[in-house]
Amino acid sequence: MSAGAAMPPPGPEGPAGVPGTVAWPVGPAESVAASRSWWDDEAAGYQAEHGAFLGDVDFVWCPERLREADAALLGPPAALVGARVLEVGCGAASCSRWLVDRGADAVGLDLSAGMLREARAADARSGVAVPLVQADASRLPFPDATFDLACSAFGAVPFVADTAALTAEVARVLRPGGRWVFAVNHPMRWIFPDDPGEDGLHVTQSYFDRSPYAEADDEGRITYVEHHRTLGDRVADVVGAGLVLEGLVEPEWPPDLDDVWGQWSPLRGALFPGTAIFRCRKPGPGPDDGWGPVAGAGRRP
Ligand SMILES: C[S@@+](CC[C@H](N)C(=O)[O-])C[C@H]1O[C@@H](n2cnc3c(N)ncnc32)[C@H](O)[C@@H]1O
């Protein structure tokens with residue numbers, strides 16, 4: 001189904017019965033088109049709402065406020081010096097800027113010109129500039145084995161229809177021994193409405209229903225889409241790309257954190273995880289840096 005093709009007006013409603021959502025499959029091209037225009041339109045608003053929480057030169061993995069400075073999910077800080085790092089779906093690129101500040105050779109990649117404009121503004125504000133590339137993460141414009149590390153804080157992965165293709169592309173551009181660490185909505189959140197309050201505690205749909213959450217305009221054009229994948233699907237993408245899963249982090253909600261970020265809230269955070277962070281490695285020679293316990297982020301099995 002090509003992006004922009006006229007479709008009948010939306011309805012029946014999407015899986016969760018939310019008005020304006022649709023219940024039909026949304027393919028890779030339609031997802032890219034919808035995400036590009038949605039994030040272009042939402043860039044300034046997103047930055048206005050979350051910019052202070054994320055910072056201009058900081059690596060915050062998730063609304064549970066887990067910081068790379070504390071978690072070292074990418075590996076020991078010393079190994080970042082001189083490392084070639086790709087940030088996938090960087091948005092305003094605060095993580096890439098933090099990596100550059102730690103001596104890494106980082107590149108931020110995003111689909112949206114609007115989000116990359118926010119990144120340029122943050123460069124100017126912080127005085128730390130990062131190289132930026134506008135592209136679809138499912139078709140990375142880099143040669144094989146270019147990067148030592150690839151990372152993503154809710155960037156691109158939740159919004160692409162073909163998650164296996166994206167994972168294979170990341171694996172392709174990693175050198176042997178390189179690491180891919182990505183944070184996404186915790187798959188169990190899919191069964192609940194996107195609500196930070198009491199209503200967000202009641203199951204409304206099946207965990208195994210992979211139909212996307214999609215919104216459409218009156219002509220039936222998809223305007224926003226998020227693709228659900230179960231934990232098993234995510235692991236299958238990793239293994240299918242020839243990567244090894246080193247660990248899964250489910251950040252716990254810090255008791256002193258009152259911020260509500262969309263569906264993330266202290267109420268729900270105290271009861272179940274909102275984020276899942278997958279730590280993967282491409283087989284090959286790499287620093288055996290071991291991976292100890294991380295405060296508040298779960299333990300090594
Ligand atoms: C939730 S924002 C996260 C941005 C940033 N990582 C952060 O933590 O603020 C999702 C980002 O993914 C980008 N994105 C969505 N689909 C993409 C795709 N197919 N390729 C690259 N980036 C994509 C959006 O443009 C947006 O900047």
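Select Arg172 first: at 24% relative accessibility it is partly exposed, where buried means under 20% relative accessible area, exposed means over 50%, and partly exposed lies in between, with a 1.4 Å probe and protein chains only. This is a predicted model, in which local features need pLDDT of at least 70 and side-chain atom pairs count only at pLDDT 80 or more, while totals for chains, interfaces and linings use all residues. Residues are numbered from 1 along each chain as its sequence is written, and side-chain values use heavy atoms, with hydrogens and water left out.

Helices (H or I, at least four residues) and strands (E, at least two) are DSSP runs, numbered from the N terminus. Asp144 is exposed, at a relative accessible area of 52%.

Contact here means heavy atoms within 4.5 Å.

**Helix 6**

Asp237 is buried, at 13% relative accessibility. Leaving aside residues up to four places away in sequence, Asp237 touches Thr163, Ala164 and Thr167. A C-alpha to C-alpha distance from Asp237 to Ala165 gives 8.4 Å, across 72 residues of sequence.

Now select Asp233, also found in helix 6 (residues 231-240). Is Asp233 buried or exposed? Asp233 is buried, with a relative accessible area of 17%. Its side chain reaches the backbone nitrogen of Thr230 at 2.8 Å. That is a polar contact: a pair of N or O atoms within 3.5 Å, where within protein one must be able to donate a hydrogen and the other to accept it, and residues adjacent in sequence count only if both atoms are side-chain atoms.

Arg210 forms a salt bridge with Asp233, the closest N and O atoms lying 2.9 Å apart. Arg210 lies in the loop between strand 6 and strand 7 (213-216) and Asp233 in helix 6, so the pair ties together parts 23 residues apart in sequence. Arg210 is partly exposed, at 37% relative accessibility.

**Other salt bridges**

Select Arg179, Glu246, Arg279 and Arg281 together: salt bridges that share partners join them into one network. Then move to Arg67, which forms a salt bridge with Asp58, their closest N and O atoms being 2.7 Å apart. Arg67 is partly exposed, with a relative accessible area of 26%, whereas Asp58 is buried, at 14%. Over the whole structure, a search finds 14 salt bridges.

**The ligand**

Centre on the ligand. How many residues surround the ligand? There are 20, the closest being Tyr46, Asp110, Asp136, Ala137 and Ala153; a residue is near a molecule or strand if one of its heavy atoms lies within 4 Å of it. Helix 1 (residues 28-54) gives the largest share of this shell, four residues. By type, the shell divides into 13 nonpolar, five polar and two charged residues. Ala, Val, Leu, Ile, Met, Phe, Trp, Tyr, Cys and Pro count as nonpolar, Asp, Glu, Lys and Arg as charged, and the others, Gly among them, as polar.

A polar backbone atom of Gly89 is 3.0 Å from a nitrogen atom of the ligand. For Leu111, a backbone N or O atom lies 3.3 Å from a ligand nitrogen. At Ala156, a backbone N or O atom lies 3.1 Å from an oxygen atom of the ligand. The protein covers 95% of the 590 Å² of accessible area that the ligand has on its own; such areas come from the Shrake-Rupley method with a 1.4 Å probe, and for residues only the protein chains shown count as cover.

**The whole chain**

Zoom out to finish. The protein chain has seven helices and 10 strands. Of its 301 residues, 50% are buried.

Methods
Salt bridge = Lys/Arg side-chain N within 4 Å of Asp/Glu carboxyl O.
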